[in-house]
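Thank you for making time this morning.

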Amino acid sequence: MSPMNNCETCPVHNKANLIKLGLNMEQVDFVVAMAGNPNTGKSTVFNNLTGLRQHTGNWPGKTVSRAEGGYVYNEKRYKVVDLPGTYSLLSTSTDEEVARNFILFGQPDVTVIVVDATRLERNLNLTLQILEITDRAVLCLNLMDEAQRNNIEIDERTLSKELGIPVIPSAARRKQGMNELLNAIEEVATGKFVCRPHRIKSRSSKINHAIAEIAAKLEAQFPGLPNTNWVALRLLEGDNSIIEAVRSGELGHINASESGKINTGVLTIDA
């Protein structure tokens with residue numbers, strides 16, 4: 001663990017975008033997103049953290065339900081948002097679009113990725129996609145009791161080193177590992193643990209050049225847009241929802257500043 005040079009307790013979430021995404025940000029110090037494949041026990045982890053301090057509603061303009069809650073830990077107030085269970089962030093469904101947009105544009109202080117320890121390889125696909133978007137995450141290695149019953153052994157320390165983020169073994173149904181998870185969330189949120197997430201490095205020089213060129217145009221067209229390299233990669237891969245968001249100016253609308261300025265320009269990408 002390495003200390004950060006700037007204020008350790010300064011939140012990094014994008015308050016204006018989180019409000020646009022439907023969150024009440026009054027009396028909130030840190031925002032935590034909970035992501036994961038379906039049937040990983042994510043909702044059980046969410047319930048353990050938030051207890052009765054939670055409510056449900058719909059995402060703005062979507063039929064997808066949203067659950068959010070809160071808790072206080074070491075005198076800091078945390079808002080927790082349970083994102084729809086998804087297998088990827090490629091935006092092939094409304095659930096994936098909601099989860100991706102929240103992490104990409106809301107920039108939560110911590111994203112807790114809940115995975116099934118008995119199906120770790122399958123779950124790591126979503127994990128790696130999330131780590132392409134954010135560098136502030138915790139892996140909750142859930143259902144460890146099931147893994148042990150099936151004689152599955154996981155070296156969480158090696159996994160943490162490979163992923164570059166904290167890895168916390170848990171059995172949420174038994175409330176095991178929850179205190180360790182709370183501590184890991186706090187350490188990432190406050191900067192006591194600086195994540196160095198695994199990123200894909202096997203792209204060709206031509207692809208890297210194209211990403212850099214498009215990212216520069218995105219930054220010029222939509223100043224302050226987070227994760228421009230990832231957005232550029234999605235454009236290259238033909239993500240229709242991202243392409244349409246650029247064409248319509250929605251990308252600028254989602255990322256508009258608190259002053260209400262909205263950039264509705266259209267990005268031109270040379271073939």
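Helices (H or I, at least four residues) and strands (E, at least two) are DSSP runs, numbered from the N terminus. This is a predicted model, in which local features need pLDDT of at least 70 and side-chain atom pairs count only at pLDDT 80 or more, while totals for chains, interfaces and linings use all residues. Residues are numbered from 1 along each chain as its sequence is written, and side-chain values use heavy atoms, with hydrogens and water left out.

Let me begin with the sheet. Two strands are said to pair if DSSP finds at least two bridges between them. Seven strands form an open sheet with mixed pairing, in the order β2-β3-β4-β1-β5-β6-β7. The edges are held by β2 (54-58) and β7 (167-169), and each has a single partner strand, so one side of each is left without a neighbour in the sheet. From one strand to the next, the twist averages 25 degrees; for angles in this talk, axes are lines fitted to C-alpha atoms, for helices over the stretch in contact, and angles run from 0 to 180 degrees between N-to-C directions. As one example of pairing, β5 (residues 110-116) and β6 (residues 137-142) run parallel and are joined by six bridges, and T111 stands opposite A137 in β6. Across β1 (30-36), β2, β3 (65-73), β4 (76-82), β5 and β6 lies helix α2 (residues 42-50), which runs at about 40 degrees to β3.

Now to two loops. N39 is found in the loop between β1 and α2, and L143 is in the loop between β6 and α5 (144-149). Which of them is buried and which is exposed? Buried means under 20% relative accessible area, exposed over 50%, and partly exposed in between, with a 1.4 Å probe and protein chains only. N39 therefore counts as exposed, at 71% relative accessibility, whereas L143 is buried, with a relative accessible area of 14%. Leaving out residues up to four places away in sequence, N39 touches D116 and L143.

Next comes M144, which lies in helix α5 and is buried, with a relative accessible area of 12%. Beyond its neighbours within four places in sequence, M144 is in contact with A117, I154, P169 and S170. The C-alpha atoms of M144 and A117 are separated by 5.7 Å, although the two residues are 27 residues apart along the chain.

I will finish with a pair of helices. The axes of α9 (residues 228-236) and α10 (residues 240-248) come within 8 Å and cross at roughly 110 degrees. That makes α9 roughly perpendicular to α10, since angles under 35 degrees count as roughly parallel, over 145 as roughly antiparallel, 65 to 115 as roughly perpendicular and the rest as oblique. On the α9 side the contact is made by V231, R234 and L235, and on the α10 side by I242, I243 and V246.

Methods. Contact = heavy atoms within 4.5 Å.
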